[in-house]
Amino acid sequence: MLHGIIAFAQTTKDIVDKIVKEANENSQLEPLAHELMDVIGPRLVGTPQMQKAHNWAVEKYAQWGITAKNEKWGQWRGWERGITHVDLVSPRVVSLSGMQLAWSPSTPKKGITAGMIIIPDVADSLAFKKWLPNVKGKFVMVSMIQPTGRPDYNWEEFATKESFEKMKNDRDAQNDAWRERIKKTGYTSRNINGALEKAGAIGIIQSRWSEGFGANKIFSANTTEISVVDLSLEDYGLLYRMVEHGEQPIIKVMAESKELGTVPTFNTIATIPGTELPNEYIILSAHFDSWDGATGATDNGTGTITMMEAARILKKIYPNPKRTIIVGHWGSEEQGLNGSRAFVEDHPEIVEGVQALFNQDNGTGRVVRISGQGFLNAYDYMGSWLEAAPESITKEIETTFPGTPGGGGSDYASFVAEGAPAFSLSSLNWSYFNYTWHTNLDTYDKIVFDDVRNNAILTAILAYMASEDPDRTSKEKSVLPMNPRTGEQMTWPATRSPNRDGGKNE
C-alpha cells in the first residue's frame, strides 16, 4: 500500500510539473483574450455577439480535441448595439463622451437635436405630475451632478484633511438631497424613465459614475420608445451646469440599435469524459455573458479564459481523467444566474454526481480566497488538493473552512443551493468594483495575464486532484452560524428557477 501511495505522489508531482510547464511555456491566454474581447466583443445576452462567442468556444474546443456543444436553456429579447454619437451643438460645438444603454431604443436615423431639462425639486408627487408636461420634446437629465470628478483616493493623497472631510460631508448632503428629490416625484430611479417617456420626453441623459477616473456603469435603458444615453461625468456636469445657469444647451443624439425579436439563449458545455467514474463530475465554471459598456474583459472574460486554458492543459497533460471533467460557460449570469440555474434544473443527474465545481468570476486578480461554502468536511478534500499546487501559486490564498454557503453573486451559488460542493475561486481586487465591474473601461488592457496564468494553473491542478481523489467528496452541511445582522440562525440558500424568457422590460 505504501508503494502505491509513493507512486501516486510521484505521478502527482509529475503531472503538476507538466501542468505548470505547459501553462508557462505554451500559454494561450493572450490569443484567447484577443479573440474573445477585441474581435467578438461584449457578450450581452440576446445579442449576435453572444451567439458568436458560443460558436467560437465550440470551435476552439474542437481544435484542442475536446467535444463541446451549445445547449439551449431559454430565450431572450434580441438586440444589437449600433453607433452612439452625442454632440453639444449650442452654445458651442463639441463631441461628448457617451453611449446608449443596453436594450436602448434607437433614435431616428438622422438623430435628434433638442434642448435639455433637469428633474426639478418639487414639493410632492402632485407637483411633479403638474410639472411633467415640461419634458415634452426635451432630453431629461435624471442623474445628480457629481461635486467632484476625482476619486476619493486622489483627494486623500493631495487634499488637506479638512478639505477632504468638507467635500465628503457636502457630497453626502447632496446625495441625500437628490434621493429625496427623486422620492418626492413618486417614482424611483428604476421607473422614472417610463414616466418621462410617457409624458413626451424625447430622450433620457444620465451619468452613473463608478467613482474612478473615466469609469461609468453601463446597465439597461428601461424605456420602450426613447433612447437612454449615459454620459461621462465630465460631459454630464458640463451640460448640467449650462442648464442650471440658463444657457439653454442644445445637443444632438444619434443612437442606432436593432431589435431582433426573440432569440434562443445557450450555455456552452465542453466535456472530457471520465474513464473510471464517468458519472462523477469535476465542473470548471465561469459565466460567458457580460454587460456591454466595454468588452467584458474582467467580468467575466478572465474567468472564461481561465477555464478554457485549464481545460486545454488538462486535455494535453491528463487526457483520460478518472472522473468526467465538464466546462460550463453559462449564459445570462448578469440577469440572475439564469444559465447555471437552468443547467442545475435540467441536469439533476450531473448535479448529483458533482465531485467539485470551481468557479471564477470577480476580476483579473490571482486567487486569494477560497471558502468551504458551508460544507462540513470541505477542508479534508480541498486542503489536500491545494497542497499539490506549488507554493508560488497558493502562498497568498486564505481559506475559510467550513465557511458559509453563497446565496448568489455568481454561478457556483446555483450548485451550492442544490447541495453540490461548489467553490468560488475569489481573486485579488485590482480596483475591480470602481474601474472594471460593469463599466465602460472593462477592456483587454485591464487583464493582468500573470495573475490569470496563476489561476489557470491552480484550476487545472485542483481539477486533476479532484478527479484522481480515491474518495468521493462529502456533501455534509455544517450547522450554520447566527446572522450578525438579524440575530437569527442562517439557513441554507434555496434553489431558484431561472428566467427562461427574459428581456421584455429591459
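**Exercise 1.** Determine which residue lies over the face of Phe 164, and at what distance from the ring centre.

*Solution.* Lys 168 lies over the face of Phe 164, at 4.2 Å from the ring centre; a charge sits over a ring if NZ of Lys or CZ of Arg is within 6 Å of the ring centre and within 35 degrees of the ring normal. This is a predicted model, in which local features need pLDDT of at least 70 and side-chain atom pairs count only at pLDDT 80 or more, whereas totals for chains, interfaces and linings use all residues. Residues are numbered from 1 along each chain as its sequence is written, and side-chain values use heavy atoms, with hydrogens and water left out.

**Exercise 2.** Classify the aromatic pair of Phe 219 and Trp 437, and state which parts the pair ties together.

*Solution.* Rings of Phe, Tyr and Trp (its six-membered ring) pair if their centres lie within 6.5 Å, and planes under 30 degrees apart count as stacked, over 60 as edge-to-face and the rest as tilted. By this rule there are 22 aromatic pairs. For Phe 219 and Trp 437, the centres are 6.4 Å apart with 70° between the planes, and the pair is edge-to-face. Phe 219 lies in the loop between strand S6 (203-206) and strand S7 (227-231), and Trp 437 in the loop between helix H15 (432-436) and helix H16 (449-468), so the pair ties together parts that are 218 residues apart in sequence. Here helices (H or I, at least four residues) and strands (E, at least two) are DSSP runs, numbered from the N terminus.

**Exercise 3.** Decide whether Phe 219 is buried or exposed.

*Solution.* Buried means under 20% relative accessible area, exposed over 50%, and partly exposed in between (1.4 Å probe, protein chains only). Phe 219, at 17%, is buried.
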